[in-house]
Amino acid sequence: MGGGGGSVGGAIVPSVKSGLPDPSTEIPAPAPIPPPPVYQPHPPQVPASDCAAVEVDVREDDREAAETDKDLLCPICMQIIKDAFLTSCGHSFCYLCIVTHLQNKSDCPSCASYLTTNQIFPNFLLNKLLIKASARHIAKHASPTEQLRQALQQGCDVSVKEVDILLALLAEKKRKMEQEEAETNLQIMREFLHCLRKQKLEELNEIQNDLQYIKEDINAVERERVELYRARERYSVKLRMLSDDPTVRSSWPSLMDKRNSSNMRIGNTVQGQFWLGGGGSQSRGIDVQPPITSQLLQRKDACSGADSQNTQPGVAVARKRRVHAQFNDLQECYLHKRRYWARHGQKQEERDCNSGQREGYHPGLKDFQSVLSSFTRYSRLRVVAELRHGDLFHSANIVSSIEFDRDDELFATAGVSRRIKVFDFASVVNEQEDVQCPIVEMPTRSKLSCLSWNKHTKSQIASSDYEGIVTVWDVNTRQSIMEYEEHEKRAWSVDFSPTEPTMLVSGSDDCKVKIWCTKQEACALNIDMKANICSVKYNPGSSFHIAVGSADHHIHYYDLRNISQPLHTFTGHRKAVSYVKFISNTELTSASTDNTLRLWDVKQNIPLRTFRGHTNEKNFVGLTVNNDYIACGSETNEVFVYHKDISRPAAWHRFSSETNGGEDDPGSYFISAVCWKSDSPTMLTANSQGTIKVLVLAA
């Protein structure tokens, strides 16, 4: 190190040259008469200068030994000479080395003099020196065992008594070593068993706690059932009391006449149409209802997704069957929620006391009950409507994006056909026509990758395209309002802020995220990243927080007030993150080409769940979220729906290929876009063939 110290690499003790006093030792002043020697019980201390001199002598001996060792090296193999042979020119080599050399050349390797095998002779003196040097080296560096072995091999004179003593010492040493090894093994076994016992006790304690939770919840459910039974009994008593009341009994004929006349009107109107609503109106004949048409039934079914078959006992059996089919996942969900609420139970109990929650009904059980109810309610996806997005003048039909507007009345589609088409959802559902014409169609200059409706201004929609242009359109005038051309490569994603109607964000292959304002022409904010941007999304509860899905396999969560670094980077995907969507202000869903979806908590910055079942290795297959459900496409031309608390699919639907009579390989097409209708079990789906379907979750 630099002068002054050498403290970084540790202090280095300076070496002292022979014949010179140690500079650290003060030179005593000369005295005329030395003091008499004083008796010391301990050995006298050796002066530092003498120690230094001894150290120097040892080092010099080592240096001389090293130089001697160099003289004993064979010039050919550069190892200690073995079986030394001397040449006529006076050089020594290993016998094998020099013989091998002379088989190829007839000269000395050291001086190049003429040499043959007849001119080499054994060097007995050097061999003796080598044996002594080897013995000295072994005595200096070998272990005691090696020294003893060498001594015995060299024929050291040892008496029988000395051999017996050595054997006894070795036997005692062996016994001690075996005892120490046995004690070590027992100690390791003891520690292992203690760790195993601790682990099993923890598992037992956890199982006992789980059993206690289950016992408490069973009692709570039984109490709830008793309460419901008593309420039903009280209702039955009231009905009997009303039936015994003469004033009520006298009004029965008029009520029955009204009911019968109403049923006749309904029957004449919807005769043969009960299947559209699942036959439920027959079981509710007492209710007085206005005339119902098939279109209204279809509209209601598409919006609600409810089958009136839910009133039949067979549906309860089907729901129980779904519970057993997904029992392991439901068990994990129940225990997770129950343990979570048990850890956070104190604060929750205080809130429940303030809100007047029913005593004994644990919040963890209530949370799981909502999951169980929603998860078992649906088991399949039913087609409500279907239309073709194909264009007669364009062979490319891939729908890259499909989105509902603010009020879920209109939906827009875009893709490689270079057109934004806007459809009326009610017309698509209720008017079952082979060809549906869009109510608005806007041509674009390039292929489109993404659409986003303004959450506040109903007529505004933004698009991103393959040339990197972000455009804001007015659907009413069919004209572009703003065009932003600052991206240098293809823009994959665009999103309007849910809370700030003038702000939108976009991401591109140029590794940049840009924030735009519809009131200005230039980019308002720019974030440079290290990989391609596949998806961007605003947090629905904030205009300052965005999630960015990147080709670097990560999700970057930014606060736009400080873009120097992300608030958090979520890692876990093994390939590019193709989509990011917010389920709530704190829950974020991501899709990747590693065949998985993942759920994250952006508040606590932790992963929550991984969803598997669909296939996605190279294409953008769409991602959409809605309350408790997540839907995505698959490269098997299927749509998959997941419940956010269950890792396996809850329902799925396969698109059938209609080209060439349905003989195409299903793997040649894939789902390219999906979109839930807000607060509804209905969704829009599209595939790479240009087929758009309205699907609804059904029992």
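First, the term: a salt bridge here is a side-chain nitrogen of Lys or Arg within 4 Å of a carboxyl oxygen of Asp or Glu. This is a predicted model, so local features need pLDDT of at least 70, side-chain atom pairs count only at pLDDT 80 or more, and totals for chains, interfaces and linings use all residues. Residues are numbered from 1 along each chain as its sequence is written, and side-chain values use heavy atoms, with hydrogens and water left out.

How many salt bridges does a search of the whole structure find? The count is 28. Side chains of opposite charge can pair when their charged atoms come close.

Two more terms before the examples. Buried means under 20% relative accessible area, exposed means over 50%, and partly exposed is in between, with a 1.4 Å probe and protein chains only. Helices (H or I, at least four residues) and strands (E, at least two) are DSSP runs, numbered from the N terminus.

Start with a pair inside a helix. E222 and R225 form a salt bridge, 3.4 Å from N to O. Both sit in helix α5, residues 160–244, three residues apart, or about one turn of the helix. E222 is partly exposed at 38% relative accessible area. R225 is exposed at 52%.

Next, a pair across the chain. R445 and E483 make a salt bridge, with the closest N and O atoms 3.2 Å apart. This pair links distant parts of the chain: R445 is in the loop between β8 (440–443) and β9 (448–453), E483 is in strand β12 (residues 479–484), and they are 38 residues apart. R445 is exposed, at 53%. E483 is partly exposed, at 37%.

Now K455 and D495. Their side chains meet in a salt bridge at 3.3 Å, N to O. K455 lies in the loop between β9 and β10 (460–465) and D495 in strand β13 (residues 491–496), so the pair ties together parts 40 residues apart in sequence. Is D495 buried or exposed? D495 is buried, at 1% relative accessibility. K455 is partly exposed, at 32%.

Then a network. Salt bridges link D405, R406, D407, E409 and K458. Take D405, in the loop between β5 (399–404) and β6 (410–415). D405 is buried, with a relative accessible area of 4%. A polar atom of the D405 side chain lies 2.8 Å from the backbone nitrogen of D408. Contact means heavy atoms within 4.5 Å. Leaving aside neighbours within four places in sequence, D405 is in contact with L410, W453 and K458.

Last, a strand: β30, residues 682–687. Six of its six residues are buried. On one side sit T682, L684 and A686; on the other, M683, T685 and N687.

What pairs with β30? Two strands pair if DSSP finds at least two bridges between them. Strand β29 (residues 671–676) runs antiparallel to β30, joined by five bridges. There, V674 stands opposite T685. The two strands form a hairpin with five residues between them, and D679 in the turn has a positive phi of about 50°. β30 also pairs with strand β31 (residues 691–698), antiparallel, over five bridges. T682 stands opposite V696 in β31. This hairpin has three residues between its strands, and G690 in the turn has a positive phi of about 95°.

That's it from me.

Conventions: A polar contact is a pair of N or O atoms within 3.5 Å; within protein, one must be able to donate a hydrogen and the other to accept it, and residues adjacent in sequence count only if both atoms are side-chain atoms.
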